[in-house]
Amino acid sequence: MGDRRRSRRLAAVLVVTGLACATAACGAGSDSAGGDPNTLEVWTRSNPDSAATYERVFDAFTKKTGIKIDYQPVVNFDQQLQSRASTKDLPDVMINDTALMGSYQSQGLLKAIDPDAIEGHDQIAAKSWSSTVGIDGKHYGIPYSRQAMTLMIRKDWLRKLGLQAPTTWQEMLSVAKAFATRDPDGDGKADTYGMVVPGSAQNGYVAWWGAGFLWQGGTNIVEPDGKGTYKPDMDSPAAVNTVTWMKDNLFCGDNAVTQPGALTAVTSTATNFQDGNAGMYMTGPYNIVTFDQALGKDAYEVVPAPAGPAGGDALAEGENIYFGAKTGKAKQEQALAAFLVSAEGQKLAMTGGNQPVVRIPVNSTLDAATVHDDARWSVVQKAYEDASRQFPNAPDFAPIKQDTADSLNAIFTYCEGDVRSQLKELNETLAGDLKDQDLLK
Amino acid sequence: MTATVTTPAARGGRRLTKKSVVPWLFLAPGLLLALVFKFWPMAKGVWLSFFDVRPFLGDQWIGLDNYTRVLTDHRFQEAIGHTLVLGIGQSLGAILLGFVLALLLEGQARSLKFVRTAVFLPAVTATAVVGELWRLMYYPTSDGLINSGLNLFGLGPVQFLDNPDLALWSTMAMGIWIWAPYNMVIIMAGLAGVDRSLYEAAAMDGVSLRQRLRYVTLPAIRPALSIVLTLAAIRGLRVFTEVYVLTGGGPAGSTEVWMTRAYTLGFTRNDIGGASAASVVLLCVTLLLTVTVNNFRKRGDVR
């Protein structure tokens with residue numbers, strides 16, 4: 001009896017020590033990868049399909065240089081990054097949206113970059129480099145991929161209804177109405193919609209989708225004054241006119257111009273275009289592969305964004321390569337960046353059957369349509385080069401985008417509301433956001 | 001939990017005997033895990049709520065600024081209102097429906113077992129999946145399940161999630177659907193303990209169904225109901241997943257609740273300090289509510 005009790009105690013002690021060790025080991029394990037100077041931890045915001053493309057690129061890099069890559073595709077990137085930042089242990093290299101640079105930099109998450117230290121930096125256009133300059137004049141990112149939003153439109157529907165692809169807002173609206181009411185899929189039912197809108201305020205989607213409209217209507221969300229400060233511009237007459245036009249025609253006008261549920265839709269739930277029941281979608285070219293698979297190459301075409309009263313500038317965006325602060329592997333990180341922006345690295349990322357992770361190459365020796373072997377990409381490239389604008393990269397744009405999205409979503413939801421006073425309120429909120437960053441003019 | 005732990009140690013005298021150490025050793029794994037994964041992060045959250053959090057630039061002490069900012073933010077105040085409506089409606093609805101289900105499905109028959117299992121399924125399904133399911137059911141055209149049903153009566157289509165006046169109620173309906181079976185199980189356990197002779201006596205006295213519920217069943221399942229109420233009070237306030245997967249707080253913030261607002265603050269606006277402050281306030285309110293519910297329960301028990 002005494003023996004059994006003793007052995008039980010021994011067992012208990014063993015279990016406890018074992019658990020304690022395991023917990024301690026767990027804690028230590030997470031930064032063990034950070035110790036090996038020849039392994040880089042790389043994060044991208046990718047779903048499994050685009051992650052497969054990145055994996056191919058990183059494999060080629062490892063083969064070439066012997067530097068190993070601990071690759072982590074992360075879907076909810078910013079949430080994960082915040083948790084990692086709180087442990088003061090960042091990934092070595094991150095590839096993520098251009099619009100987030102100001103936000104990361106303001107939190108001190110990024111290492112400043114000297115373009116000259118990146119081999120092949122001269123093959124990147126000056127326009128692209130200028131988009132990675134932070135608030136203090138230093139570079140905080142290396143351009144990796146660029147794109148502009150274009151309009152995806154059902155070619156077969158246009159043909160059936162005897163219509164042309166729209167080039168202006170008015171034409172776009174009448175095409176949308178025709179798609180919604182004239183039964184373009186010929187099944188005798190009123191089950192088609194004009195266009196797809198990810199109109200939710202979640203993650204700022206509606207501001208992201210609507211930015212092009214605002215520029216085309218002659219307004220800017222925040223207007224730079226050229227001296228490093230900004231002024232909110234959402235209460236100008238142009239802003240009121242543009243937002244009123246969008247509200248009256250796209251959200252509060254005839255039914256079915258936009259898909260049902262547009263105001264709570266995010267991109268992952270706004271699948272009506274690929275499901276074949278909506279005729280237009282203003283979106284980025286990364287969807288081309290998805291749409292080709294779902295609808296077929298011949299079913300739709302890619303055209304420039306229809307122009308508004310003040311022109312046809314669409315949203316340009318893309319991905320930058322960022323170096324995490326305080327990682328101490330500058331040489332290896334620079335080698336990886338040099339490979340990623342080289343003609344070889346960019347080509348690998350644009351081809352290979354999975355979703356391309358480089359859309360418009362930043363490497364000026366490459367041509368998008370040639371590498372993708374698809375003429376539609378030249379439409380995107382032309383849109384990016386000639387008729388596109390980015391969100392300002394220097395300020396922390398996240399709160400500005402979120403507040404704009406909250407306001408637009410509310411305006412489009414309450415059809416009886418007064419746009420002018422709602423936008424005035426938004427303008428004050430934006431001024432507050434800029435003031436928080438000491439950027440208000 | 002701690003109360004039951006300290007008693008044997010205290011009884012064993014103040015000396016550090018083997019007898020007093022062993023229970024602690026057995027508890028150590030659990031305590032260690034709780035410390036690492038629960039109490040430490042919680043303490044850190046409270047600590048961060050007093051800072052402007054910038055891990056790589058050095059956190060800045062700003063005292064109660066985060067709290068004033070959060071509590072005076074009109075979107076947060078709206079969110080608190082929505083949380084209360086959603087929390088109370090969802091909890092009461094789920095308890096009522098759970099009670100009705102428990103009464104209907106109590107018994108030993110094999111068919112009842114099958115139905116009970118079927119009814120319990122929502123409680124064990126991932127909320128994200130349930131949310132996606134309800135998005136489809138709520139689909140705002142006559143293709144949607146519910147709208148096609150309404151269509152038969154010549155009604156609809158109803159914009160369940162896109163109408164800001166309806167979205168919160170639609171979310172509530174889903175919440176009731178998820179939590180009712182959970183309550184059902186607890187209430188059913190309470191029902192199983194009701195003395196059958198009381199029913200027989202009541203039947204002999206010729207009581208109506210309503211009287212039987214009021215004077216026999218309800219008093220007998222008091223303990224079960226108080227557990228259900230306590231759980232609901234805690235759960236109701238920290239509702240997040242249901243809203244996040246169904247509407248994301250929209251449209252026009254009409255379903256924004258406490259936790260979705262805190263989440264937006266923390267992870268979209270990178271304001272970890274503000275999000276921590278919001279969570280701490282929620283913690284305090286939940287604590288207060290739990291203590292109050294427990295107090296009422298104890299007072300009732302004494303009576």
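**The annotated domain in chain B**

I began with residues 80–293 of chain B, a span that is 76% helix and 0% strand in this predicted model. Its end C-alpha atoms are 20 Å apart. UniProt, in an unreviewed entry, puts the feature "domain: ABC transmembrane type-1" on residues 80–293 of chain B.

The unreviewed UniProt entry also lists "transmembrane region" for chain B, at residues 21–40, 79–105, 117–137, 166–194, 215–234 and 272–293. I looked up two of these spans. Residues 21–40 of chain B come out as 100% helix and 0% strand, with 24 Å between the end C-alpha atoms. Residues 79–105 of chain B are also 100% helix and 0% strand, and there the end C-alpha atoms lie 37 Å apart.

**A stop at B:L133**

Next I clicked on B:L133, which sits in helix α6 (residues 127–137) of chain B. Is B:L133 buried, exposed or partly exposed? I found 16 C-beta neighbours inside 10 Å, so B:L133 counts as partly exposed. I also checked B:L133 against B:F160: they are 27 residues apart in sequence, and their C-alpha atoms are 14 Å apart in space.

**Where chain B touches chain A**

How many residues does each chain put into the contact? I noted 30 residues from chain B and 37 residues from chain A. On the chain B side, the elements giving two or more residues are α2 (18–48) and α13 (258–268). The largest share of that side comes from α2(B), with seven residues. Sorted by class, the chain B side that touches chain A has 17 nonpolar, 10 polar and three charged residues.

**Two domains in chain A**

Then I moved to chain A, which splits into domain 1 (35–148 + 317–389) and domain 2 (150–316 + 393–436). I got 27 Å between the C-alpha centres of the two domains of chain A. Their contact uses 26 residues from domain 1 of chain A and 22 residues from domain 2 of chain A.

Which elements of domain 1 of chain A supply at least two residues each to the side that touches domain 2 of chain A? My list reads α5 (101–106), β4 (142–148), α16 (376–386) and β13 (388–389) of chain A. α16(A) has the largest share of that side, six residues. By class, I wrote down 11 nonpolar, 10 polar and five charged residues for the side of domain 1 of chain A that touches domain 2 of chain A.

**Nonpolar cores**

The largest nonpolar core holds 120 residues, and A:A176 and A:M195 have the most contacts inside it. Helix α9 (residues 205–216) of chain A gives this core its largest share, nine residues. Both domain 1 (35–148 + 317–389) and domain 2 (150–316 + 393–436) of chain A put at least three residues into this core.

**Two positive phi values**

Most residues other than glycine have a negative phi. I looked up two that go the other way. A:K88 has a positive phi, near 55°, and is not a glycine. I found A:K88 in the loop between α4 (77–86) and β3 (93–97) of chain A. With 11 other C-beta atoms within 10 Å, A:K88 is exposed.

B:N270 is not a glycine either, and its phi is positive at about 55°. B:N270 belongs to the loop between α13 and α14 (272–302) of chain B. Is B:N270 buried or exposed? B:N270 is buried, because 25 other C-beta atoms lie within 10 Å.

Last, I checked the confidence. Chain A has a mean pLDDT of 88, and 92% of its residues reach 70 or more. Over residues 21–33 of chain A, pLDDT stays under 50. The model has six contacts beyond four places in sequence for residues 21–33 of chain A.

Methods. Residues numbered from 1 in each chain as written. Chains lettered and ligands numbered in written order. Predicted model: local features only at pLDDT ≥ 70, side-chain atom pairs only at ≥ 80, totals over all residues. Contact = placed C-beta atoms within 7 Å. Helix = DSSP H or I, 4+ residues; strand = E, 2+ residues; numbered from the N terminus. Nonpolar A, V, L, I, M, F, W, Y, C, P; charged D, E, K, R; others polar. Domains from an automatic or database assignment. UniProt positions renumbered as here; feature names shortened; annotations may be inferred. Core = buried A, V, L, I, M, F, W, Y, C linked by C-beta atoms within 7 Å. Buried ≥ 20, exposed ≤ 12 C-beta atoms within 10 Å, placed from the backbone. pLDDT = per-residue confidence, 0-100.
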